[in-house]
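This report covers one protein chain. Keep the sequence and the model open while reading.

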Amino acid sequence: MINTKVKFLGGAEEVGRLAIKIEDKNDKIMIDYGVEPDKPPEYPLPPEPVNDIFITHAHLDHTGALPVYYHNYSAKLHATAMTANSVVPIINDSLKIMRLENYVERFNEDDVENLFRSLVTERYNTDIELNNLTARAYSAGHIPGSSMWRFEDSFSFMITGDLYTRDTNLLKGARPVKTDVLIMESTYAGRDHEDRDEVIKRLKDSIKETIDNGGKVILPTFAIGRTQEMIMILRDMNYNIYVDGMGNDISRIYLDTPGFLKDYSLFRKSLGRVIKVRNKRMRKEALENGDIIITTSGMLDGGPVLGYIDSLSDDPKSAIYLTGYQVEGTNGRSLMENGTIKIAGATIKPSMKIDFFDLSAHAGHSDLVKFIKDIDPWTVVLCHGDQREKLKEALPEYNFILPYNGHEFEITN
Ligand SMILES: [Zn+2]
Ligand SMILES: [Zn+2]
């Protein structure tokens, strides 16, 4: 009998700051070490030394605490080339923000340097031999480069990271992979998404209506994935589209890291249709000539988006259209719920139109249920969600574990 010990350092019963430590005979590994994107960010439990760390994808709630790990310990850091490349601007930016906002300094330049030096790029569907375990990455369909990590010894376990099982403009959906124990995200447990094509149609109709009535549209988007998908969604709309913020750096990385997109040449073509904002002067130009401004941050907690909203806040013809998950406590959530946001300490209530379009890159409840049934594992461990029991209730025939942060448990064959 083999005992494999699992401990969530974060992200068990919450969306964000995922960090999973696993011990299997001579292998000590960790999957992700992220933060809860708040002001200041919330960290997982303190790191524990491992030999290998596997990153599911570049989003901060999966990578933001990694420099803290490298402040204390070292380990090989495995990621796909796309994730490895995307993580660099993300981590550099969080160091910058930590300094700018005078947060408690939990790491420094050296730790970030150590982290980058530890990166080993891995291919999808290719075995990586550890001491006893064999690891393998499969596309998770969430953002380009995102991986489900499957490990095999005498039995197998797989961590999905953030998961999307349907095709989008950017990516093909994740396919089920046979595994004995499935450690799965559950952000949307209990909730299903509106049909994606319908949402995109509604978004484009609303954009057209706003611009035809003399307004401008601000699209706050995450730098990684959503900015690029939005550029592709809007490619056939004949408007002046400006893109501002870190999304431009990530688009460059997507161009420079081929092999991860569903349709690379269509992405390149779509990118050629938008104007990249590179400086203050161009920001003015975007406000004067732009019809649509795609910009970070996606949850409105900083970044150029606040400047644009500040400039347009008295214009009832203009609109802010949110398209991503808005975490509680963020400006984006406050805008959705109360119509207010904080800019430089002051609370403002823009007169602009505000609407939400669910373009989530997380599988909805029914797709999660289908994914479990397709894989048919012995045990399902649910994490990265605050409504996990909804999935357990939907599948009474399966054995579930709903862990909590800090609790160590065993998965056994
Ligand atoms: Zn996540
Ligand atoms: Zn994510």
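The text below goes through annotated spans, sheets, helices, single residues and backbone geometry.

**Model and annotated spans**

This is a predicted model. The record places "domain: Metallo-beta-lactamase" at residues 16–222. Over that stretch the chain is 28% helix and 24% strand. Its end C-alpha atoms are 15 Å apart. The record also gives "domain: Beta-Casp", covering residues 227–335. Here the content is 44% helix and 13% strand, and the end C-alpha atoms lie 20 Å apart.

**The seven-stranded sheet**

Seven strands form an open sheet in the order β6-β5-β4-β3-β2-β1-β22. The pairing is mixed. β6 (119–122) and β22 (408–412) are the edge strands, each with a single partner, so one side of each has no neighbour in the sheet. On average, neighbouring strands are turned by 25 degrees against each other, direction ignored.

One residue pair can be named: V6 has F409 of β22 as its bridge partner.

Two helices meet the sheet at β5 and β6. Helix α3 (residues 81–100) packs on the sheet and touches β5 (76–80) and β6. The direction of α3 makes about 110 degrees with that of β5. Helix α4 (residues 109–118) lies across β5 and β6. α4 runs at about 30 degrees to β6.

**β10 and its two partners**

Strand β9 (residues 147–152) pairs with β10 in the antiparallel sense over four bridges. A hairpin of three residues connects β9 to β10. F151 has F157 as its bridge partner in β10. β10 also pairs with strand β11 (residues 181–185), in parallel, through three bridges. There, I159 stands opposite I183 of β11.

Is β10 covered on one face or both? Both: S156 and M158 on one side are buried, and so are F157 and I159 on the other.

I183 ties this region to other parts of the chain. It lies in β11 and is buried, with a relative accessible area of 1%. Beyond its sequence neighbours within four places, I183 is in contact with F8, I20, I22, M158, I159, T160, V381 and C383. P377 is 194 residues from I183 in sequence, but the two C-alpha atoms are 9.9 Å apart in space.

**Buried helices**

How many of the eight residues of helix α6 (residues 226–233) are buried? Eight of the eight are, so α6 is largely enclosed by the rest of the structure. The buried set is R226, T227, Q228, E229, M230, I231, M232 and I233. These residues pack against α5 (196–212), β12 (217–220), β13 (241–244), α7 (247–256), α8 (264–271) and β15 (292–295).

Helix α11 (residues 331–338) has N331, G332, R333, S334 and L335 buried. They pack against α10 (305–312), β16 (319–322), β17 (341–343) and β19 (353–356). Just after α11, G339 takes a positive phi of about 75 degrees.

**A buried charge**

E36 sits in the loop between β3 (27–31) and β4 (52–54). E36 is buried yet forms no salt bridge. Which side chain of opposite charge is nearest, and how far away? It is R17, at 4.2 Å. Leaving out residues up to four places away in sequence, E36 touches E14, V15, G16, R17, P41, E42 and V327.

Most residues other than glycine have a negative phi, and most peptide bonds are trans. The exceptions below are worth checking by eye.

| Site | Backbone value | Location |
|---|---|---|
| K39–P40 | cis, omega about -5 degrees | P40: loop between β3 and β4 |
| T296–S297 | cis, omega about 5 degrees | S297: loop between β15 and α10 |
| N102 | phi about 55 degrees | loop between α3 and α4 |

N102 is exposed, with a relative accessible area of 69%. A344 is also exposed, at 82% relative accessibility.

Note on methods. Residues are numbered from 1 along each chain as its sequence is written. Chains are lettered from A and ligands numbered from 1 in the order in which they are written. This is a predicted model: local features need pLDDT of at least 70, side-chain atom pairs count only at pLDDT 80 or more; totals for chains, interfaces and linings use all residues. Side-chain values use heavy atoms; hydrogens and water are left out. Buried means under 20% relative accessible area, exposed over 50%, partly exposed in between (1.4 Å probe, protein chains only). Lys and Arg count as positive and Asp and Glu as negative; His and the chain ends are not counted. A salt bridge is a side-chain nitrogen of Lys or Arg within 4 Å of a carboxyl oxygen of Asp or Glu. Contact means heavy atoms within 4.5 Å. Two strands pair if DSSP finds at least two bridges between them. Axes are lines fitted to C-alpha atoms, for helices over the stretch in contact, and angles run from 0 to 180 degrees between N-to-C directions. UniProt positions are given in the numbering used here, feature names are shortened, and annotations may be inferred rather than shown by experiment.
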